[in-house]
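Let's walk through how to read a few features of a protein model. Have the sequence and the 3D view open as we go.

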Amino acid sequence: LSPHVCFGYRGPIEEVAAMPGYADLMAHAPSLGIKLHLSHTSMTSAVNVGPRALNLGVIARSHAV
């Protein structure tokens, strides 16, 4: 429904680039028409999940896994 994937990180944002698989994801996503966005996490996530948490937001139709 939206070609965007949003990441929020509870820590120094530079740490995300060093996470396993992140560089591959950044390199491959544009070929699929997907734009990746990275920002600091929301206050709710920061309080409920804690430090160094990485969360992900997408909009998609319901589907079976």
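**Reading the model around one tyrosine**

Q: Which residues is Y22 in contact with, leaving aside its neighbours within four places in sequence?
A: Contact here means heavy atoms within 4.5 Å. On that basis Y22 touches F7, V16, A17 and L38. A word on the source: this is a predicted model, where local features need pLDDT of at least 70 and side-chain atom pairs count only at pLDDT 80 or more, while totals for chains, interfaces and linings use all residues. Residues are numbered from 1 along each chain as its sequence is written, and side-chain values use heavy atoms, with hydrogens and water left out.

Q: How do I read an aromatic pair, and how many does the structure hold?
A: Rings of Phe, Tyr and Trp (its six-membered ring) pair if their centres lie within 6.5 Å; planes under 30 degrees apart are stacked, over 60 edge-to-face, and the rest tilted. The structure holds one such pair. The ring centres of F7 and Y22 are 6.0 Å apart and the planes sit at 75°, so this is an edge-to-face pair. The two come from distant parts of the chain, 15 residues apart: F7 is in strand β1 (residues 4–9) and Y22 in helix α2 (residues 22–28). Those labels follow DSSP runs (helices are H or I, at least four residues; strands are E, at least two), numbered from the N terminus.

Q: Are F7 and Y22 buried or exposed?
A: Buried means under 20% relative accessible area, exposed over 50%, and partly exposed in between (1.4 Å probe, protein chains only). Both F7 and Y22 are buried.

Q: Which residues make up the largest nonpolar core?
A: In soluble globular proteins, nonpolar side chains tend to be buried together. A nonpolar core is a set of buried Ala, Val, Leu, Ile, Met, Phe, Trp, Tyr and Cys residues joined through side-chain atoms within 4.5 Å. The largest one has seven: V5, F7, Y9, V16, Y22, A29 and L36. Its largest share, three residues, comes from β1.

Q: And salt bridges: how many does the structure hold?
A: Side chains of opposite charge can pair when their charged atoms come close. The cut-off is a side-chain nitrogen of Lys or Arg within 4 Å of a carboxyl oxygen of Asp or Glu. There is one salt bridge: R52 with E15, the closest N and O atoms being 3.1 Å apart. It links distant parts of the chain, with R52 in the loop between α3 (43–48) and β3 (54–57) and E15 in helix α1 (residues 14–17). E15 is partly exposed, at 28% relative accessibility.
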